[in-house]
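Student: Hey, could you walk me through this one? I have not looked at it before.

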Amino acid sequence: MVDPKKESLNLITEGLLKMISTLIDERMKDAIPQRTIISVREAAKRYDVHKSTIYDWFAQGVVRKHSIGGRVYCFIEDFEGIKSRMRR
């Protein structure tokens, strides 16, 4: 025979654990900044420059490059302000 009090306690515990897990997930999303990764080709197209310009920016330290599986990528957020610096 199943104890109804014990079963109720188990259901409440499971519900609380799900709520806590959801709250933690929501907080972690806010705590860890989400970044968008793009290829060199995409970056060149987006900023209307040649791919070699993107590689020059890597060499100059203007933008950081990230190699994944032999391909080179960069974070779109690293390009913030580059256009305004280029116009000077």
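Student: Let me start in the sheet: which residue of β3 stands opposite Ser39?

Tutor: Ser39 stands opposite Tyr73 in β3, and please keep in mind throughout that this is a predicted model. Tyr73 also has His66 standing opposite it.

Student: And what is the bridge partner of Ile37 in β3?

Tutor: The partner of Ile37 there is Phe75. Altogether, β1 and strand β3, which covers residues 71-75, run antiparallel and are joined by three bridges, and β2 pairs with β3 over three bridges, also in the antiparallel sense.

Student: OK, so in what order do the strands lie in the sheet?

Tutor: The sheet is an open one of three strands, and their order is β1-β3-β2, with antiparallel pairing. The strands β1 (37-39) and β2 (66-68) are at the edges and have a single partner strand each, so one side of each lacks a neighbour in the sheet. From one strand to the next, the twist averages 45°.

Student: How many residues lie between the strands in the hairpin of β2 and β3?

Tutor: That hairpin has two residues between its strands, and Gly69 there takes a positive phi near 60°.

Student: Is Asp48 buried or exposed?

Tutor: Asp48 is exposed, because its relative accessible area is 68%, and the cut-off for calling a residue exposed is over 50%.

Student: Switching to helices, then: which residues are buried in α3?

Tutor: In α3, which spans residues 51-60, the residues Ile54, Trp57 and Phe58 are buried. If you look down the axis of α3, its buried residues fall within an arc of 105°, so they line one face of the helix.

Student: What does the face turned away from that buried side carry?

Tutor: The face of α3 turned away from its buried side carries Ala59 and Gln60, which are exposed. For the protein as a whole, buried residues make up 19% of the 88 residues.

Student: Which residues form the nonpolar patch on the surface?

Tutor: The patch is formed by Ile12, Leu16, Met19, Ile20, Ile24 and Met28, and together they have about 590 Å² of accessible area. To take one of them, Leu16 is placed in helix α1, residues 4-31. Leu16 counts as partly exposed because its relative accessible area is 45%, which lies between the limits of 20% for buried and 50% for exposed.

Student: Now the charged side chains: how many salt bridges does the structure hold?

Tutor: The structure holds two salt bridges. In one, the side chains of Glu77 and Arg35 meet at 4.0 Å, N to O. That pair links distant parts of the chain, with Glu77 in the loop between β3 and α4 (82-86) and Arg35 in the loop between α1 and β1, 42 residues apart.

Student: And what does the side chain of Asp78 meet?

Tutor: The side chain of Asp78 meets that of Arg35 in a salt bridge of 2.6 Å, N to O. Here too the pair links distant parts of the chain, since Asp78 is in the loop between β3 and α4 and Arg35 is in the loop between α1 and β1, 43 residues apart.

Student: How accessible is Arg35, and what about Glu77?

Tutor: Arg35 counts as partly exposed, at 39% relative accessibility, and Glu77 is partly exposed too, with a relative accessible area of 25%.

Note on methods
Residues are numbered from 1 along each chain as its sequence is written. This is a predicted model: local features need pLDDT of at least 70, side-chain atom pairs count only at pLDDT 80 or more; totals for chains, interfaces and linings use all residues. Side-chain values use heavy atoms; hydrogens and water are left out. Patches are made of residues with over 30% relative accessible area and no salt bridge: like charges are joined within 9 Å, nonpolar side chains (Val, Leu, Ile, Met, Phe, Trp, Tyr) within 5 Å. Accessible areas come from the Shrake-Rupley method with a 1.4 Å probe; for residues, only the protein chains shown count as cover. Helices (H or I, at least four residues) and strands (E, at least two) are DSSP runs, numbered from the N terminus. Buried means under 20% relative accessible area, exposed over 50%, partly exposed in between (1.4 Å probe, protein chains only). Two strands pair if DSSP finds at least two bridges between them. Axes are lines fitted to C-alpha atoms, for helices over the stretch in contact, and angles run from 0 to 180 degrees between N-to-C directions. The arc is that of the directions from the helix axis to the C-beta atoms.
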